[in-house]
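Here are some exercises to work through with the model open beside you. Try each task before you read its solution.

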Amino acid sequence: MREPSVRRYSGRSVEEWKAARRERLLAAALELFGTDGYPATSVERLCTQAKVSTRHFYHEFQNKEAVLLAVHAQVIELAVRNTGDALRRTADRPVGERIAAAVDSYLRTIMADLRRARISFVEVVGTSPAVEEQRIAFRELLIGNLRDVGDTAVERGEIKRKDFRFLALAFLGAVNTVVYDWMLAEPRPPEQKVQKSLRELAVQLLTA
């Protein structure tokens, strides 16, 4: 007995249409949340930008908060992947090089697109308990990566043991403040200069 064929519209399956619709909504969220801001963006504006009906919006997302969670998750996934790749590439390198590579990778991911930076450092802060939980979970993941680098360096005899969690937390607080200030500056300093200063700060904090 033949299995029923997948119903297709204009050469796409229903699932492909749904996936494309979701991606358009996430692209619209990145643009609108990352430029005009989350509070200023309504579901209707998202739908207009994405060329999606409000009825179809609610097929994909429960509410506007769910879209913010999803687009922030995309930024997190990209940052985690790039930072992880940097740490794997430098697994056998001295601790200072490993920290610099991880910090560079993270900052380039976030700062390469001002919309990502605004979502990461402005729009998700204190927005709701669910969004705050996701933001803090991501912060703890970054802290864990830096702690692992520090612990490995201690085991190798490169540096003395320190409170790496506290130092990582202090560094990420500095990143939040510095990148936020960089976004608002007119004229905006070259991102490479900001990244270099933060990279040197991270190495100094964790290895001095």
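**Exercise 1.** Describe the span that UniProt annotates as "transmembrane region", giving its helix content and the distance between its end C-alpha atoms.

*Solution.* Start with the record: UniProt, in an unreviewed entry, puts this feature at residues 166–185. UniProt positions follow the numbering used here, feature names are shortened, and annotations may be inferred rather than shown by experiment. Next, look at the span in this predicted model: residues 166–185 are 95% helix and 0% strand, and their end C-alpha atoms are 29 Å apart. Helices here are DSSP runs of H or I with at least four residues, strands are runs of E with at least two, and both are numbered from the N terminus.

Residues are numbered from 1 along each chain as its sequence is written, and side-chain values use heavy atoms, with hydrogens and water left out. As the model is predicted, local features need pLDDT of at least 70 and side-chain atom pairs count only at pLDDT 80 or more, while totals for chains, interfaces and linings use all residues.

**Exercise 2.** Which residues are joined by a cis peptide bond, and where is the proline placed?

*Solution.* First find the bond: glutamate 186 and proline 187 are joined in cis, with omega at about -5 degrees. Then place proline 187 in the fold: this residue is in the loop between helix H8 (164–184) and helix H9 (191–207).

**Exercise 3.** How do domain 1 and domain 2 meet, in area and in residues?

*Solution.* Step one is the bounds: domain 1 is 11–61 and domain 2 is 67–207, taken from an automatic or database domain assignment. Their centres, over C-alpha atoms, are separated by 29 Å. Step two is contact (heavy atoms within 4.5 Å): 17 residues of domain 1 touch 13 residues of domain 2.

Step three is buried area, the accessible area (1.4 Å probe) that two parts lose on being put together, summed over both. The two domains bury about 1,200 Å², 71% of it on carbon and sulfur atoms. Leu30, Phe33 and Tyr38 supply 44% of the area that domain 1 buries against domain 2, more than any other three residues.

**Exercise 4.** How many salt bridges link domain 1 and domain 2?

*Solution.* Apply the rule: a side-chain nitrogen of Lys or Arg within 4 Å of a carboxyl oxygen of Asp or Glu. The count is one. Glutamate 31 and arginine 115 form a salt bridge through their side chains, at 2.9 Å from N to O. Finally, helix H1 (residues 14–33) gives the most to the side of domain 1 that touches domain 2, with eight residues.
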